[in-house]
Amino acid sequence: MGVHQNCYFVTFAAIFIAYLISNVQSQTLLLGACPSPPMQNNFSAQDFMGRWYEVERTFVMAEVGWRCITVDYKEESGRIRVETAGQAVVRRSMTAVATFTPNSPARIILRGEGSLPTQSTNYVLQSDYENYAIVWSCRNVDPPLPISGLDFLRNLSHTENLWILSRKRTMDASTREQIYGFLDTNAITRRSLRPVPQENCQEAATTTP
């Protein structure tokens with residue numbers, strides 16, 4: 001009986017580790033459940049529209065090797081379309097449809113467009129709309145298999161993504177320090193943030209909503 005139990009837990013542990021590794025590939029894996037930082041008060045989706053530049057972000061598999069990354073929120077045919085574009089060997093882009101939830105507008109549900117549509121939820125934690133925005137996502141990592149008796153494994157870890165956006169390709173030091181202070185105060189790790197190169201970029205056209 002003991003041997004069977006040991007084999008059971010070893011097998012499950014291997015599956016769980018593989019599951020964690022698959023999450024690490026696209027986001028930052030951290031211990032514990034997702035924190036609950038405050039979102040932007042009185043968020044205005046209309047003021048948030050337009051072009052943003054990624055100046056710092058955590059690891060995102062889909063953006064590996066990209067530089068000069070822009071994020072455009074624009075209304076098209078009654079929908080809010082989000083296009084993330086960057087330069088690699090050639091210009092690359094990906095699109096999604098955004099939904100600002102009425103009861104919590106700073107919570108943005110993104111549904112990817114393309115052959116393999118995905119869905120994610122982002123939160124605008126802070127923005128002055130004219131200079132900067134902090135966008136964050138978090139998901140608790142549950143066991144890959146719903147096995148009775150292993151509920152204690154829920155919320156032992158979580159994955160996060162974090163983007164610092166600017167209305168310009170550069171961001172002044174005082175604004176950056178203000179953002180860092182907000183992240184530190186609200187227990188959002190920034191150790192995985194990396195700068196996004198925004199030098200020698202070709203400005204892509206943007207469509208006025």
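Let me start with Ser166, which is found in strand β9; strands here are DSSP runs of E with at least two residues, helices are runs of H or I with at least four, and both are numbered from the N terminus. This is a predicted model, so local features need pLDDT of at least 70 and side-chain atom pairs count only at pLDDT 80 or more, while totals for chains, interfaces and linings use all residues. Residues are numbered from 1 along each chain as its sequence is written, and side-chain values use heavy atoms, with hydrogens and water left out.

Is Ser166 buried or exposed? Ser166 counts as buried because its relative accessibility is 3%; the cut-offs are under 20% relative accessible area for buried, over 50% for exposed, and partly exposed in between, with a 1.4 Å probe and protein chains only.

The side chain of Ser166 has two backbone oxygens to mention: that of Lys168 at 2.8 Å, and that of Thr170, 3.2 Å from a polar atom of the side chain. Setting aside neighbours within four places in sequence, Ser166 is in contact with Trp52, Tyr53, Val55, Asn131, Tyr132 and Met171, where contact means heavy atoms within 4.5 Å.

Next, Thr101, in the loop between β5 and β6. Thr101 is buried because its relative accessible area is 9%. With neighbours within four places again left aside, Thr101 is in contact with Arg107 and Ile109.

Now the whole chain. The protein chain has three helices and ten strands, in the order α-β-α-β-β-β-β-β-β-β-β-α-β from the N terminus. Of its 209 residues, 43% count as buried. Among contacts with a separation of 6 or more, 60% come from residues 24 or more positions apart.

Last, the largest pocket. Its volume is about 1,000 Å³, taken as the space filled by probe spheres set on grid points joined across faces, edges and corners. A pocket, on a 1 Å grid over the protein atoms alone, is an open set of points with protein on both sides within 12 Å along at least five of seven lines, for a 1.4 Å probe; lining residues have an atom within 4 Å of a point.

Which residues lie nearest the centre of the largest pocket? They are Val60, Met94, Leu110, Thr118 and Ser120, out of 35 lining residues. Strands that each supply at least two lining residues include β3 (67-76), β6 (107-112) and β9 (157-166).

Methods: A polar contact is a pair of N or O atoms within 3.5 Å; within protein, one must be able to donate a hydrogen and the other to accept it, and residues adjacent in sequence count only if both atoms are side-chain atoms.
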